[in-house]
Amino acid sequence: MVLKNFVRSTSAAVLLVAGIATPALSQDDAAPNFSLQLNNAAEIADGGCRLTYVAVNGTGQDLAGISYEVGVFDTQDIVTNLLVLEFGDIVDGKTKIVQFDLGGLACADISRITVNVVTACDLADGGVGDFCMSSLETSSRGAIQFGI
């Protein structure tokens, strides 16, 4: 009887430890990423559109400068602008909010914004990263689509 209770207690303890350890392992094994969210688009006084982006550096590297060239599409799906969005320096684990004003282009006239290429992926240690496009995750909280 004592052996039977010992086996049950040991099995329960193993299951409990496995259940606690599993979530921690899956979080640690998460792939590094650089997340860009088009968080808001608001009309500005000159009839243009102010785009607010939330950038999160989860790459495991401090960045001295990161920027992307994007294409802006109108409601007819025609590219109206090619722009470079510069996010500057962002340390690993940091969230940064950046705004860009598009003069003369109303938010309602923009259907989507697409990342075309990386124009800078400079590491704080002086090197250049090769992960700024491959680890990029995009999302949008509004009517304007944002993606790769």
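## Pairing pattern

The model you are looking at is predicted. With sulfur atoms required to lie within 2.5 Å of each other, the count is two disulfides. Here is a look at each of them in turn.

## Cys49 and Cys107

In the disulfide formed by Cys49 and Cys107, the sulfur atoms sit 2.0 Å apart. Where does this pair sit in the fold, and which parts does the pair tie together? Cys49 belongs to strand S2 (residues 49-58), while Cys107 is in the loop between strand S5 (95-102) and strand S6 (110-123), so parts 58 residues apart in sequence are tied together.

The geometry is worth a glance too: the torsion about the S-S bond of Cys49 and Cys107 is about 100°, so this disulfide is right-handed. Are these two cysteines buried or exposed? Both Cys49 and Cys107 are buried.

## Cys121 and Cys132

Cys121 and Cys132 make up another disulfide, with 1.8 Å between their sulfur atoms. Cys121 is part of strand S6, and Cys132 is found in the loop between S6 and strand S7 (136-140), so this pair joins parts that are eleven residues apart in sequence.

For anyone checking torsions, the link of Cys121 and Cys132 has 65° about the S-S bond and is right-handed.

Key. Residues numbered from 1 in each chain as written. Predicted model: local features only at pLDDT ≥ 70, side-chain atom pairs only at ≥ 80, totals over all residues. Heavy atoms only, no water. Helix = DSSP H or I, 4+ residues; strand = E, 2+ residues; numbered from the N terminus. Buried < 20%, exposed > 50% of the residue type's maximum accessible area, 1.4 Å probe, protein only.
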